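Reader: I have a chain to go through and I'm new to this. Can we take it a residue at a time?

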Amino acid sequence: MSKPINIYSIPELRQTLDEALPGIFSRYEFNQSFRLIDSQLVIGYGIALVAAASFLLDKKFEFEEVLTYQKILVGSYMVLSTVYWYFTKFVQKGITYEGVNKKGTSIAVKTFFENNEPLYHITFMTQDDFDLKTALPVNKVFNEHGYLQTDLLYQWIGQQLTILETKKAKWTK
């Protein structure tokens, strides 16, 4: 059983539900893909390395000796920061979970809360551009003490996956 959370706190609800997704999808035989997370980490580590190199040059040498290198490092930092912003805004697009099942079907899940309402908005996206946008009232999967009932969440996601498969089958015929 999970630990209890404050069910009136949207950040706690989102974190708890987002953290439960990999476990739920693994029960549906999806393997989580870390492609987006790894790319984001590589860009972030690149930014950190540029900043560290700039700091070390500043610490070890006189300003005039490394001015050209510092300009290059600052430019690199700006380029990497822009790439990071673009990646998170337009490539990752708020995707919380990405996975592939044994059949080769990939799915991406985007989640968010809107206007501090207790509705967990979920968009299921497949590689075939079939999307399903839905909302889960959080009181369906949390009890009054703040415990996440993972079996109810598992069943609800299963219903949504069935709807998505039905929608996909209907359009491919």
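**Surface, rings and charges**

Reader: Is tyrosine 45 buried or exposed?
Author: Tyrosine 45 is exposed, with a relative accessible area of 56%. Buried means under 20% relative accessible area, exposed means over 50%, and partly exposed is in between, using a 1.4 Å probe and protein chains only.

Reader: What am I looking at, and how are things counted?
Author: This is a predicted model, with residues numbered from 1 along each chain as its sequence is written. Local features need pLDDT of at least 70 and side-chain atom pairs count only at pLDDT 80 or more, while totals for chains, interfaces and linings use all residues; side-chain values use heavy atoms, leaving out hydrogens and water.

Reader: Ok. Where does tyrosine 45 lie?
Author: In helix α2, residues 35-60. Helices (H or I, at least four residues) and strands (E, at least two) are DSSP runs, numbered from the N terminus.

Reader: Which residues form the nonpolar patch on the surface?
Author: Phe34, Ile37, Leu41 and Tyr45, with about 400 Å² of accessible area together. Accessible areas come from the Shrake-Rupley method with a 1.4 Å probe, and for residues only the protein chains shown count as cover. Patches are made of residues with over 30% relative accessible area and no salt bridge; nonpolar side chains (Val, Leu, Ile, Met, Phe, Trp, Tyr) are joined within 5 Å, and like charges within 9 Å.

Reader: You said salt bridge. How many salt bridges does a search of the whole structure find?
Author: It finds 3. A salt bridge is a side-chain nitrogen of Lys or Arg within 4 Å of a carboxyl oxygen of Asp or Glu.

Reader: Why would charged side chains pair?
Author: Side chains of opposite charge can pair when their charged atoms come close.

Reader: What do the side chains of arginine 14 and aspartate 18 do?
Author: They meet in a salt bridge, 3.2 Å from N to O. The two are 4 residues apart in helix α1, so about one helical turn separates them. Arginine 14 is partly exposed at 32%, whereas aspartate 18 counts as buried at 17%.

Reader: And arginine 27 with aspartate 151, what do their side chains do?
Author: They meet in a salt bridge too, at 3.4 Å from N to O. Arginine 27 lies in helix α1 and aspartate 151 in helix α4 (residues 150-172), so the pair ties together parts that are 124 residues apart in sequence. Both are partly exposed: arginine 27 has a relative accessible area of 41% and aspartate 151 has 46%.

Reader: Which residue does arginine 35 form a salt bridge with?
Author: Glutamate 98, with the closest N and O atoms 2.6 Å apart. Arginine 35 is in helix α2 and glutamate 98 in strand β2 (residues 95-101), so this pair ties together parts 63 residues apart in sequence. Arginine 35 is partly exposed at 49%, and glutamate 98 counts as buried at 13%.

Reader: Back to arginine 27. Which ring does arginine 27 lie over?
Author: The face of tyrosine 154, at 3.8 Å from the ring centre. A charge sits over a ring if NZ of Lys or CZ of Arg is within 6 Å of the ring centre and within 35 degrees of the ring normal.

Reader: What about rings with rings?
Author: Rings of Phe, Tyr and Trp (its six-membered ring) pair if their centres lie within 6.5 Å; planes under 30 degrees apart count as stacked, over 60 as edge-to-face and the rest as tilted. By this rule the count comes to 7 aromatic pairs. One of them is tyrosine 86 with phenylalanine 90, a tilted pair at 5.1 Å centre to centre and 40 degrees between the planes. Both lie in helix α3 (residues 67-92), 4 residues apart, about one turn of the helix.

Reader: Is tyrosine 86 buried, exposed or partly exposed?
Author: Tyrosine 86 counts as partly exposed, at 47%. Phenylalanine 90 is partly exposed as well, at 41%. The rings of phenylalanine 113 and tyrosine 120 have centres 5.4 Å apart and planes at 45 degrees, so that pair is tilted. Phenylalanine 113 and tyrosine 120 are both buried.

Reader: Which residues form one aromatic cluster?
Author: Phe25, Phe30, Tyr97 and Phe124.

Reader: Last one. Where does asparagine 115 lie?
Author: In the loop between β3 (106-113) and β4 (119-126). Asparagine 115 is exposed, at 65%.
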